[in-house]
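Biologist: I am new to this structure and would like to go through it step by step. Please show it to me before we start.

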Amino acid sequence: MSDDAATKVDDRFIAVQQSPEFAELRKKFRGFVFPITAFFLAWYFLFVLLSIYAPGFMGTKVLGNINIGLLMGLGQFVTTFAITFMYARWANREFDPRADAIGARLAQEDSNR
């Protein structure tokens, strides 16, 4: 690919990146991912900090030998799977169709050249 052709490709991608549709897509993505990430990090650090500074609380037995620390640790796995499931559903419903539309527009512009 010549430098001129590479520049044209770069210009097209920059134009898409500066489009209102792409800005909206980025805003939607950040609006979902940042709050979920903040929630998960807060939940994770709560677990770690309680493990360090409140071992008595974490060792409180709930049922037999099952204690709060064990339940919170298992809750980390459950939360990870739940977030993954929520993201996949959200992306399939909200994000991917918009990203596909932007990609289709870019492909159509390619075919018109």
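What follows is a set of questions and answers on this predicted model.

Biologist: How many salt bridges does the structure hold?

Modeller: Side chains of opposite charge can pair when their charged atoms come close. One of the salt bridges joins glutamate 21 and arginine 105. In total, the salt bridges in the structure number four.

Biologist: How many residues apart in sequence are the parts that glutamate 21 and arginine 105 tie together?

Modeller: The side chains of glutamate 21 and arginine 105 meet with N to O at 3.1 Å. Glutamate 21 belongs to helix 2 (residues 20–53) and arginine 105 to helix 4 (residues 68–111), so the parts tied together are apart in sequence by 84 residues.

Biologist: Is glutamate 21 buried, exposed or partly exposed?

Modeller: Buried requires under 20% relative accessible area and exposed requires over 50%. Glutamate 21 has 41% relative accessibility, so glutamate 21 counts as partly exposed.

Biologist: Which residue forms a salt bridge with glutamate 94, with the closest N and O atoms 3.6 Å apart, and ties together parts 66 residues apart in sequence?

Modeller: Glutamate 94 lies in helix 4, and the partner asked for lies in helix 2.

Biologist: Is the aromatic pair of phenylalanine 29 and phenylalanine 95 stacked, edge-to-face or tilted?

Modeller: The structure holds six aromatic pairs. In the pair of phenylalanine 29 and phenylalanine 95, the centres are 5.4 Å apart and the angle between the planes is 45°. Planes under 30 degrees apart count as stacked and those over 60 as edge-to-face, so this pair is tilted.

Biologist: Where do the two residues of that pair lie, phenylalanine 29 and phenylalanine 95?

Modeller: The pair links distant parts of the chain, 66 residues apart. Phenylalanine 29 is partly exposed at 29% relative accessible area, whereas phenylalanine 95 is buried at 17%. Phenylalanine 29 lies in helix 2 and phenylalanine 95 in helix 4.

Biologist: Is the pair of tryptophan 90 and phenylalanine 95 stacked or edge-to-face?

Modeller: The ring centres of tryptophan 90 and phenylalanine 95 are 5.7 Å apart. Their planes meet at 25°, so the pair is stacked.

Biologist: Which residues form one aromatic cluster?

Modeller: Phenylalanine 95 pairs with phenylalanine 29, and phenylalanine 95 also pairs with tryptophan 90. The cluster is made of Phe29, Phe32, Tyr87, Trp90 and Phe95.

Biologist: Which element supplies the largest share of the largest nonpolar core?

Modeller: This core has eleven residues, among them Phe32, Trp90 and Phe95. Tryptophan 90 counts as buried, at 8% relative accessibility. Helix 2 and helix 4 each give at least two residues to the core. The largest share, six residues, comes from helix 4.

Biologist: About how much accessible area does the nonpolar patch on the surface have?

Modeller: The patch is formed by Val62, Leu63, Ile66, Leu70, Leu71, Leu74, Phe77 and Phe81. Strand 1 (61–63) and helix 4 are the elements that give two or more residues to the patch, and five residues come from helix 4. Together, the patch residues have an accessible area of about 820 Å².

Biologist: Is leucine 63 buried or exposed?

Modeller: Leucine 63 is placed in strand 1 and is one of the residues in the nonpolar patch. Its relative accessible area is 63%, and over 50% is the cut-off, so leucine 63 is exposed.

Biologist: Is serine 19 buried or exposed?

Modeller: Serine 19 is found in the loop between helix 1 (3–17) and helix 2. The relative accessibility of serine 19 is 7%, and the cut-off is under 20%, so serine 19 counts as buried.

Methods:
Residues numbered from 1 in each chain as written. Predicted model: local features only at pLDDT ≥ 70, side-chain atom pairs only at ≥ 80, totals over all residues. Heavy atoms only, no water. Helix = DSSP H or I, 4+ residues; strand = E, 2+ residues; numbered from the N terminus. Buried < 20%, exposed > 50% of the residue type's maximum accessible area, 1.4 Å probe, protein only. Phe/Tyr/Trp six-rings, centres within 6.5 Å; stacked < 30°, edge-to-face > 60°. Patch = residues over 30% accessible without salt bridge, like charges linked within 9 Å, V, L, I, M, F, W, Y side chains within 5 Å. Areas by Shrake-Rupley, 256 points an atom, 1.4 Å probe, with all protein chains shown as cover. Core = buried A, V, L, I, M, F, W, Y, C linked by side-chain atoms within 4.5 Å.
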